[in-house]
Amino acid sequence: MNIYAKLTILCLFFVLFTAGVLSYFADQKVEQTLKEEIVASMTQQSKGISSDIGRFMFSRLNDIRMAAKNPYFKNINTDQEELTRRLQELEQLNNLYYSFSLFNTDRVRVADSKRISIGKQQPNDLFWTKLQEEGQEAAVEVSKSESVGRVVMHFASTVSNASGNADVGVLVGRILVDELFKIVGEYSLSSDTSRNLDINLIDSKGLVLYSNTDPANILTSTYSNYELISSLKEPGVNFLETQDALYFVTSETNYQSFTGNDWTLILSIPKDKAFAPLRQIREQILWTVLPVLVLTIILALVAANIFVKPIVKLSQAAEELSKGNLDIELPTGSRDEIGKLAKQMTQTSQSLIGQIEEQRQTNKQLIDQKTQIEMQKNQLVSVSSQIRDSISYAERIQRSTLPPISTLQSVFPDSFVTYKPKDIIGGDFYWFERVRRGNNEYMIVACGDCTGHGVPGAIMSIMGSNQLTNIIYYQNYIDPKKIISRLDKVIKFELQRETEEVNRDGMEIGICVIDLDTLRMEYAGAGIPLRLMKHGSEELTIYKSPRQMVGGIDGDEQEVFAQLTKETIQLDVKDRIFLSSDGFQDQFGGAHDKKFMSKNFNKLIEKSSSESIEEQKKTIEKTFREWSKNTSQTDDICVLGFEVK
């Protein structure tokens, strides 16, 4: 290290040390002040949210008490249609409520504004216990409604007879728990929406009743940090600070005549969000210190330049010579030892320049050849990258048209999809959705195998998936034969709209429509069979479909409909249904490099059906890997299966 650098570093050290000490103490003071402001703000917001929830519960309980005094509900034997009409009027008067139901004292649903589950007995839930065993006039409970199928808040009140001396029933109003979000709303520190608070409402056992950050955990799991906050039982707002977050815990308080449900409100925020303004303050401190640092550096450079300028210049020149820069100008003006040394170095460098110039001419030709090769290489890399990026983007587009497996698992939890395109993107696709027609709900499951694979197959699969959505959602088709015949008509139109030439491109498909109330399934297909493994059976039942190609079946829509067949099957719990393209069966491999074949695929399903659905999926995929380990994939593969629940 030269003397120029030493002088500069010494000056910088003193300035940086002083600036660092001042910045540290200023930062500590600012952080303490900010923390006090955060605690005051979140304490006030905790009180406000707790009061809003109490006011909301009090108002809704008053609603249900007043509605229960309606004289039309005091005679439980009134005509069911009249009761239903009165309940529907209640629902229309207040759009907060999802539905209303009237029960008799045996918990049997007498009437419902949505006409759901009439005549069925209600389980002995928490609000029934409060009304019938504890004698409360009205009660509230958060749970997943069996009739609605969603998480709701139940507000219930007893209905007395006309004389008021006996209870004849119970009136229940349901409000979706999503409405609670409208009451609670979004809260944040100051006006910075990036510092939103995490809001959770739990019961006395820690079960999550409401969450604005993880709605999926409502009524399904205990609050993740329940053990941490369970000991905070002091009245008012309890503050807790951990290494990663700030917690403000408020126990539910009475609101007028509403005594509460022993719920707990938790407001929390990660420390990195809470203390985000510290970064701006630190930047301000930095910009204050920087001018002082710059001025000090300038003074250090001036002083060093005055004292050691000749030595530094010669040292820099020697360093440049060592790097091969022989044209560097050496400081030869002085007559001391430094000047003499500079003259000797100049003579040596001039001699070397002549020798190096000859070598440069020799190397120039080699460099030109190398440049041409690199240009050609870069062109090839660019073209390859563009093709790869296009295919990757096409994969994302195709994947976005496929439904998430959670859609199928929401109805049949034990289900799987094995999807393996041959060339990143492919012509196989699957489609499933839960739809409602009138008072009935259906699960529609489809598996398609389009002609070709790669880009052409992907285009066909996207067309097929989109047209299924259009036919089922917007044209309201529910019969699988009608769906396929309409799909055939649409694909014919899409593929031949600019030419009269016959086009046989299309797809094989299998469609199952399952009535979720009766478990009655209708199946129709073209080229793709249905495989059914009845619970308790060791033999697979196969329902074959006509070997036709949707989009290439002769005839108009009615003639195509007549050529198709439909199977009606009564399913039982634990039955397993499988749909698949022919990619698995057509895969070459094994010791003799032959096709896997349909009979072996059927045996594989029969053998693995004794396992759980997840293990069965692993067995199928493992079998494919072992069969094809020495052979490239032959075709796109799509296998889906689910167990009736």
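In which helix do Asp488 and Lys492 both lie, and how many residues apart are they? In this predicted model, select helix α12, residues 480-496, where Asp488 and Lys492 are both found, 4 residues apart, or about one turn of the helix. Their side chains meet in a salt bridge, with N and O 2.9 Å apart, and both residues are buried.

Colour Leu83, Thr84, Arg86, Leu87, Leu90 and Glu91, which are the buried residues here; looking down the axis of α3, you will find them within an arc of 160°, so they line one face of the helix. The face turned away from that buried side carries the exposed residues Gln92 and Leu93. At the start of α3, show Asp79, a side-chain oxygen of which reaches to within 3.2 Å of the backbone nitrogen of Glu81.

From Glu91, move to Lys114, with which Glu91 forms a salt bridge whose closest N and O atoms are 2.9 Å apart. Because Lys114 lies in the loop between β2 (109-112) and α4 (126-133) while Glu91 belongs to helix α3, the pair ties together parts that are 23 residues apart in sequence.

Finally, select helix α14, residues 598-608, and colour its buried residues Phe601, Asn602, Leu604, Ile605 and Ser608, which cover an arc of only 155° around the axis and therefore sit on the same side of α14. Among the elements covering these buried residues are β16 (530-533) and α15 (613-627), whereas the face turned away carries the exposed Lys599, Lys603 and Lys607.

Conventions: Residues numbered from 1 in each chain as written. Predicted model: local features only at pLDDT ≥ 70, side-chain atom pairs only at ≥ 80, totals over all residues. Heavy atoms only, no water. Buried < 20%, exposed > 50% of the residue type's maximum accessible area, 1.4 Å probe, protein only. Helix = DSSP H or I, 4+ residues; strand = E, 2+ residues; numbered from the N terminus. Arc of directions from axis to C-beta. Polar contact = N/O pair within 3.5 Å; in protein donor to acceptor, adjacent residues only side chain to side chain. Contact = heavy atoms within 4.5 Å. Salt bridge = Lys/Arg side-chain N within 4 Å of Asp/Glu carboxyl O.
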